[in-house]
Amino acid sequence: MSQLENVTGVMTKKTTNAFLFTLITLIALLLASAFVAQAQGTNSQAVATSSASAATTTPSPAPAPTPQASPAIPSPSPKVTGIEGHLELDVVVKVEVEHFTEWAASHDPTKLVPFINGRAIRGNYPEEIHPDKNRLHFHLEITPANKEVWTDLLGEPQGTHRPVTFSIGLENQSPFDSVYGENNEVPLTIISPVYGLVALAVVLFTLILFLWLARKTNIIREPGPKPGGGKLKPYNLGRTQMAFWFFLIYVSYLVIWLITNALDTITPSLLGLMGISAGTALSEALIDSGKSTAQSGQLQDLTGEKQALEQSVAQLESQLADLNSKTTPAPEDITNRDSLNRQLQDVRTRLAQVNEQLRAQTPSSSVNVSQGFLRDILADPGGYSFHRFQIFAWTIVLGIIFVSSVYNSLTMPEFSATLLGLMGLSSGTYIGFKFPEQKQ
């Protein structure tokens with residue numbers, strides 16, 4: 001029993017020792033695990049702290065910058081430095097532009113236009129462009145887009161040339177810098193001296209020839225034979241008006257052509273105005289021709305009657321002389337003599353009437369000759385007349401308007417239908433009063 005208890009005690013003691021050993025081992029393992037875990041946590045915290053410290057103290061590398069274009073170096077501004085040729089309409093001008101090559105690399109040079117006196121000649125684009133030579137060629141011409149500018153530049157001419165500033169540039173922008181500024185203007189040709197002299201010679205020749213013919217011939221005088229004594233017939237209002245408009249339009253057409261090279265400048269209203277003046281002269285000529293024909297017929301009839309009456313007078317006087325020569329006339333001779341005396345008296349009375357009519361039909365030499373230009377065109381046989389003065393005054397007024405339009409705007413004026421009607425009314429009034437006028 002005691003042995004069993006000893007054995008049992010020994011087993012219990014071994015079991016207890018084993019249990020304690022196992023328990024201690026487990027505790028040791030647990031402590032070791034905890035220690036390892038703590039060590040790992042400490043290491044992780046240290047690494048984290050070190051990383052954080054590194055992040056705080058050591059700057060992180062900056063992200064790579066986005067590539068950006070380096071600021072462009074501005075190209076030099078173009079500048080007009082030379083002109084080859086002279087500024088004139090319908091002439092090609094070669095323009096030298098400094099730094100044009102650089103400018104043309106980023107702009108459209110085909111849209112460049114000349115600038116004269118700071119105004120763009122719109123639509124006048126270059127005909128040739130040479131960027132490698134810094135040169136452009138412009139053919140200066142009038143287009144509908146720039147007609148107003150050319151009119152301002154060339155209108156109101158005071159000579160054959162006019163100093164102007166010159167440059168080129170884009171139509172809707174400022175022009176380039178230019179050496180031809182206000183302190184170095186370049187001449188703009190208004191009228192070519194050569195063509196101007198030729199045209200002036202032609203105009204002077206025709207005008208002098210016309211004035212000579214007007215003074216020496218009947219080119220603008222009343223029709224019919226010249227009066228005797230080297231005198232001339234009076235000036236005719238209708239023909240003078242027609243000559244006035246002819247020379248005004250003739251000279252104006254030449255001037256506009258010399259300056260603008262335009263050929264189609266005669267307006268429809270001018271044709272109407274010339275038609276009115278030509279119609280006035282033609283109607284006046286027809287009236288005068290009718291009067292001449294009627295007067296010629298009356299003169300011929302009166303002259304024939306006069307000759308017959310003179311023959312009758314001679315015959316009656318001869319018969320009376322025969323009767324009076326008888327010493328002892330018979331009673332019937334006395335009766336015949338009385339009858340012949342009455343007939344002779346009647347014939348002589350009629351002959352006196354015919355002579356008076358002939359004198360009335362034949363104008364005096366003072367009426368049939370010129371009394372001076374103004375009196376001839378403003379007066380009829382009865383004196384100065386308002387209908388003649390009216391057509392003369394309106395012709396002068398329209399002539400002044402005409403010259404002003406050509407000088408300032410380089411265009412023939414376009415008269416309204418109302419104004420042409422007024423001129424036609426004045427001419428019609430003159431023609432109406434022409435009928436009762438006596439033939440000069």
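Start by selecting R135, which at 23% relative accessibility counts as partly exposed. The model is a predicted one, and residues are numbered from 1 along each chain.

**R135 and its partners**

The side chains of R135 and E96 form a salt bridge, 2.7 Å from N to O. R135 belongs to strand β6 and E96 to strand β2, so this pair ties together parts that are 39 residues apart in sequence. E96 is partly exposed, with a relative accessibility of 22%.

E84 has a relative accessible area of 40% and is partly exposed.

Now include K94 in the selection. E84, K94, E96 and R135 are linked in a network of salt bridges.

Select residues 135-139, which make up strand β6.

Show β2 (residues 92-98) beside β6: five bridges join the two strands, which run antiparallel. One place to look is V95, whose bridge partner in β6 is L136.

Then show β5 (residues 128-130). Strands β5 and β6 pair in the antiparallel sense over three bridges, and H130 stands opposite R135 of β6. Between β5 and β6 the hairpin has four residues, and N134 takes a positive phi near 55°.

**An open sheet**

Move to β3, β4 and β8. These three strands form an open sheet in the order β4-β3-β8, with antiparallel pairing. β4 (119-120) and β8 (166-170) are at the edges with a single partner strand each, so one side of each has no neighbour in the sheet. Select β3 (residues 112-116) with β4 to see an antiparallel pairing over two bridges. In this pairing, F115 has A120 of β4 as its bridge partner.

**Helices α6 and α7**

Select E317 and R348. Their side chains meet in a salt bridge of 2.3 Å, N to O. E317 is in helix α6 (residues 268-325) and R348 in helix α7 (residues 331-361), so the pair connects parts that are 31 residues apart in sequence. E317 is partly exposed at 35% relative accessibility, and R348 is partly exposed with a relative accessible area of 39%. In total, the model has six salt bridges.

**Helix α10**

Select residues 417-434, helix α10, which has 18 residues. From first C-alpha to last, α10 reaches 25 Å, close to the 26 Å expected at 1.5 Å a residue. Which residues of α10 are buried? They are L420, M423, S426, S427, Y430, I431 and K434. Looking down the axis of α10, the buried residues fall within an arc of 135°, so they line one face of the helix. An α-helix has 3.6 residues a turn, so residues three or four places apart point the same way.

**A surface patch**

Finish with V194, Y195, V198 and V202. These residues form a nonpolar patch on the surface, and together they have about 390 Å² of accessible area. V198 is placed in helix α4 (residues 193-216).

Notes: Predicted model: local features only at pLDDT ≥ 70, side-chain atom pairs only at ≥ 80, totals over all residues. Heavy atoms only, no water. Patch = residues over 30% accessible without salt bridge, like charges linked within 9 Å, V, L, I, M, F, W, Y side chains within 5 Å. Areas by Shrake-Rupley, 256 points an atom, 1.4 Å probe, with all protein chains shown as cover. Salt bridge = Lys/Arg side-chain N within 4 Å of Asp/Glu carboxyl O. Pairing = 2+ DSSP bridges. Expected span 1.5 Å × (residues − 1). Buried < 20%, exposed > 50% of the residue type's maximum accessible area, 1.4 Å probe, protein only. Arc of directions from axis to C-beta.
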